[in-house]
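Dear colleague,

I am handing over the structure we spoke of, and my notes on it follow below. Please read them with the coordinates open beside you.

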Amino acid sequence: MNKTSRKVSGRRGQGQLALLLEDAPPSARRVPSRQSPKKNAKPAAVKPTKKSSKKSSKKTAKKTATKTATKTVIPKAGPAPAAASRRRKERKHETAVSLAAQQREISVSEFFTKNRHLLGFDNPAKALLTTIKEAVDNALDACEEAGILPELHIKIRQLAETRFRVSVQDNGPGIVREQIPKVFGKLLYGSKFHRLRQSRGQQGIGISAAGMYGQLTTGKGVRIISRTGPKCPAHEFLVQVDTRKNQPKVLRDEEVEWDSPQGTLVEIELEGTYRKGRRSVDDYLQQTAMANPHATIRYTPPSGTKHDYERQTDELPPEAKEIKPHPHGIELGMLMHMLHETQARNLRGALTADFSRVSPKVADEILAKAHLAANARPKRIASNEAEKLYKAIQAVRILNPPTSCVVPIGEETLTRGLKAQFAADFYAATTRPPAVYRGNPFVIEAGLAYGGALAGDELADLYRFANRVPLLYQQGACAMTKSTLATAWRNYTLQQSRGALPVGPLVILVHIASVWVPFTSESKEAIAPYPEIVKEIRLALQECGRKLGTFLRRRRRVADEEKKRSYIDQFIPHIGESLQSILALSDAQKDRTVKNLQEVLEKSRKL
Ligand SMILES: Nc1ncnc2c1ncn2[C@@H]1O[C@H](COP(=O)(O)OP(=O)(O)OP(=O)(O)O)[C@@H](O)[C@H]1O
Ligand SMILES: [Mg+2]
């Protein structure tokens, strides 16, 4: 056995290649020797040429000789194919059996450890932001679900140049002790994935992924303190993710004294970079305060200079109702899964109970179209029958899903938020009526702030939000950006180059509220361009744009009139003097004439 082959079998650990040959039938074992003549077939390829040269005429022989001469190049280059074939022989190829020995389950934590960029941990600055974002999103979700006005304390402490300890504390409902390890130490574990209700989180990955990133970069676990009420004890946990099994590893579990009556504190140590400006933690928190005026956010950055965003309103947003899936929004596989999992005893019951907007009448219509019995057992439905049912569902008219499950920010609150953040001359906001993509209800809102202290000669700033969460990265890949670029801002008297944002002292805000926001990846940074969503964004921007256009045109008209007036104004005294000398007016008459002229000018001003 040569060096290479020894290395290969050594790497396999159990000499699988040798084993393989032993297991194989004798004929299979003979393969290499049978193959060898074939592999050396190239020099033999010259033979027929030699044969033909014997038989052929002189002329043909000449031709053949030329051909042979060309072909004889091959043996000249002979050593190369020989070496290649030797190398090929030496290289041990994988077989189904050797591959089988390597095939094993991949835990979701292992997958995301390798692909952490999918979760928003692709660079140190983004990692710090994502960690805070996941904890803040959860805190706001938990408070709202419990009907509590959120008060958040966010601290970033810098431990070394690239090492930070971040903590996010909320006054929410807390987390029951038994759940804490799984919430923070297991990916794809959460309360929001299986329901159709508007919330910031939806996947069940966020906070455990942040903890896993911290663990990966510092070796430390996530520290959690949680208390579910003033009369309950507070529990402190230190949790890590066992990435091989995607299971929590509890390093500490103690009852502790805690000065907060209720809520959760999450502390993560991680490698990161703190920076200021756009897409920074500061920027994210400022935008979060803008979209969540009911929340108080107390923020201490690494410098220690506290920054408080006091709540602008004491009213919680209306509670988002949970809905069932709409039949037009589900795929065949999902339908089959739902039929298998249903609690209903018959098909008619399953359709009416598990889907929204399916009344008994609609269910009967679907079943008649599918030629299926109403009392058939849902669990017994064969796949071809499920397909018939799926087709029938698509063919029947069903009301759009209820929209009580979507809670937009609202035009008034949006305008208030914009006013609190930007000192502009003009504000506009629009909330579109609810629409549906893939059976999921959604609402698009847009807002504009123009003029005032906003920078004049630059491209407009686009602020994107999904379920009140600012989206800071992947702007170019987002449906919101695409719709904004496709909007004809020139119609509203703004400058715009082709395929670019408009130029001017302008801030554009777009918000999507939905029971399921179609993000382009797990890091929840950009919205997928479903045609219905793109259209609604465009309509919302156009509505705001028209208001801005009216404002700008009126302002321009006023400015023009002012200019004209001041121009005529300059000549009125001279006209007075001329009239005095022509008509021999007294000074008093001249002054009265000048005053009258000025009044006429004032009245004729069209604004
Ligand atoms: N501060 C908190 N207070 C109460 N419950 C919390 C808190 N943080 C997390 N949870 C619970 O832990 C679950 C898991 O949180 P995680 O952030 O991993 O996922 P998610 O919020 O459901 O979805 P996403 O991955 O989109 O963020 C949540 O669904 C929620 O039930
Ligand atoms: Mg979350």
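**The shell around ligand 1**

Sorted by class, the shell around ligand 1 is made up of 6 nonpolar, 11 polar and 4 charged residues. Please bear in mind throughout that this is a predicted model, and that the values given here are computed from it. In total, 21 residues surround ligand 1, and the closest of these are Ser191, Gln202, Ile205, Gly206 and Lys524.

With Gln203, a polar backbone atom is found 2.9 Å from an oxygen atom of ligand 1. As for the ligand's surface, ligand 1 taken alone exposes 600 Å², of which the protein buries 92%. The elements that contribute two or more residues to the shell are α11, spanning 124–145, and α13, spanning 206–218.

**A helix pair**

I also looked at how helix α16, residues 347–354, packs with helix α17, residues 360–370: the angle between them is about 130°, and their axes are 9 Å apart. Because an angle over 145° would be needed to count as roughly antiparallel, and 65 to 115° as roughly perpendicular, α16 and α17 are described as oblique to each other. The crossing of α16 and α17 is right-handed.

Terms used
Residues numbered from 1 in each chain as written. Chains lettered and ligands numbered in written order. Predicted model: local features only at pLDDT ≥ 70, side-chain atom pairs only at ≥ 80, totals over all residues. Heavy atoms only, no water. Near = heavy atom within 4 Å. Polar contact = N/O pair within 3.5 Å; in protein donor to acceptor, adjacent residues only side chain to side chain. Areas by Shrake-Rupley, 256 points an atom, 1.4 Å probe, with all protein chains shown as cover. Helix = DSSP H or I, 4+ residues; strand = E, 2+ residues; numbered from the N terminus. Nonpolar A, V, L, I, M, F, W, Y, C, P; charged D, E, K, R; others polar. Axes fitted to C-alpha atoms, helices over the stretch in contact; angles between N-to-C directions. Parallel < 35°, antiparallel > 145°, perpendicular 65-115°, else oblique. Left-handed = near helix turned anticlockwise from the far one by under 90°.
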